[in-house]
Amino acid sequence: MPASSREQTASRPVRIAYLVSHPIQYQAPLLRRIAAEPGIELHVFFRSTVSVEGYFDKEFGDRVEWDVPLLDGYRSEFLPAFGPADDFTRWRPFNHGLFGRLKAGGFDVLWVHGYSIWFNLLALAEARLLGMRTFLRDEATLISRERSPLKTVLKKIFHRVLDRFVDCYLTIGTLNRDYYLAQRVNPGKLREIGYAVDNAYFRGLCEKAAETREAFRRSLGLEPGRPVILYASKLTARKRADELLAAHGEIRREKRLEPPPYLLIVGSGELEPELRRRVAEEKIPDVHFLGFRNQSALPAFFDLCDVFVLTSQHEPWGLIINEVMNAAKPVIISSDVGCGPDLVRDGENGFILPVGDISGLVKALEKILGDRAEGERMGAASARIISDWDFERNVCGLLKACRSVGLIADNRGEPT
């Protein structure tokens with residue numbers, strides 16, 4: 001049911017300008033959904049073309065070209081820049097022209113993604129000059145990075161100033177909300193919008209993959225009937241795939257599961273040579289390095305696996321957990337993965353472990369893989385939990401934010 005059927009909109013659609021760094025594969029379907037909402041007119045301003053043209057991802061260590069449409073289904077444009085705009089950092093590109101576009105467009109709201117970029121802060125100030133409402137969405141949590149005591153104090157001072165330029169903080173989840181509260185922003189400005197993926201898209205691909213599951217298993221050289229542990233992310237130190245490799249090695253050396261599991265590692269990055277060296281030196285059996293796979297190829301792996309593991313440190317959210325839960329699979333994550341409090345219920349659809357707890361990871365894997373019925377029960381719980389964490393939730397949250405600043409009438413049809 002469209003969110004608009006649950007909301008009483010004003011006499012004309014709310015005109016929202018959304019400022020974001022570049023087209024992002026996770027965001028594109030959400031932007032299409034927002035653009036389809038009758039009560040909203042959306043126009044997206046991108047600062048860089050980096051993801052559209054294909055680019056070398058330093059963390060993947062490979063060239064990335066996304067195989068999903070990034071610009072279809074919503075109005076957008078790339079802001080002009082002084083110098084090249086095919087790369088993106090905190091300081092580049094040097095864009096210009098946003099103020100004039102906001103003024104000419106007659107927008108009601110400027111929605112900014114990310115506050116740690118100078119251009120976004122300037123944009124918030126410009127929107128204020130134009131009398132626009134301002135929304136901010138960011139991924140920060142109290143565990144998303146290390147912060148010294150001095151930086152923690154400076155953050156609070158910074159947010160005290162930032163709070164004057166923001167009407168609504170669109171929180172992505174519990175830990176993100178807790179972060180803003182810790183910075184002492186006005187709690188009345190917090191509006192939950194949630195971090196979601198296109199559930200229908202991933203469910204559909206996973207269901208389709210199930211039809212050819214055994215053929216896909218054979219194509220990877222895997223024996224039928226043996227459990228599969230899946231890791232799919234960048235192979236960098238922060239992602240800590242070495243801990244999963246250590247847990248798998250212990251399970252195989254001590255023959256703690258029968259039949260023995262496979263470990264599939266999907267992804268690439270700077271840690272890959274070291275992981276391959278350890279597999280060879282320690283003679284860890286049945287580890288398959290499968291390289292970078294594009295987004296549309298991942299559901300086949302989600303469908304094939306019996307459990308998905310993400311033991312990252314300082315992970316703001318972990319959208320791949322949303323994706324794999326749509327395949328009805330149990331998940332194991334570290335306590336540093338930001339989606340944990342919202343999506344992973346310890347013992348119900350998976351487990352949340354302290355960072356670095358390899359023995360706990362071994363026990364969690366044994367519990368899920370050693371009892372097929374238990375693993376299926378947890379997987380069903382994942383599908384149930386993620387079904388309510390979707391784009392409709394996002395759109396409802398966005399409309400509620402618009403209502404809270406007087407741009408949409410309340411449920412009685414009276415101006416707020």
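Predicted model: local features only at pLDDT ≥ 70, side-chain atom pairs only at ≥ 80, totals over all residues.
Start with the open sheet: seven strands, all told, running in the order S5-S2-S1-S8-S9-S10-S11, with parallel pairing. Strand S5 (75–78) and strand S11 (190–192) sit at the edges, each pairing on one side only. On average, neighbouring strands here are turned by 25° against each other, direction ignored.

For a detail, look at strand S9 (residues 133–137) and strand S10 (residues 168–171), which pair in the parallel sense over two bridges. Here Phe-135 stands opposite Cys-168 in S10. Helix H5 (residues 174–182) packs on the sheet and touches S9, S10 and S11. The direction of H5 makes about 145° with that of S10.

## Helix H1 and its cover

Now for helix H1 (residues 28–35): six of its eight residues are buried, so the rest of the structure largely encloses it. The buried ones are Ala-28, Pro-29, Leu-30, Leu-31, Arg-33 and Ile-34. Their cover includes strands S1 (14–20), S2 (40–46), S8 (109–113) and S9, along with helix H15 (391–404).

## H1 against H15

How do these two helices meet? H1 and H15 pack at an angle of about 55°, with their axes 10 Å apart. The pair is therefore oblique, and H1 passes H15 in a right-handed crossing.

On the H1 side, the contact is made by Pro-29, Leu-30, Arg-33 and Ile-34; H15 brings Phe-391, Glu-392, Asn-394, Val-395 and Leu-398. Sorted by class, that gives six nonpolar, one polar and two charged residues.

Key. Residues numbered from 1 in each chain as written. Heavy atoms only, no water. Pairing = 2+ DSSP bridges. Helix = DSSP H or I, 4+ residues; strand = E, 2+ residues; numbered from the N terminus. Axes fitted to C-alpha atoms, helices over the stretch in contact; angles between N-to-C directions. Contact = heavy atoms within 4.5 Å. Buried < 20%, exposed > 50% of the residue type's maximum accessible area, 1.4 Å probe, protein only. Parallel < 35°, antiparallel > 145°, perpendicular 65-115°, else oblique. Left-handed = near helix turned anticlockwise from the far one by under 90°. Nonpolar A, V, L, I, M, F, W, Y, C, P; charged D, E, K, R; others polar.
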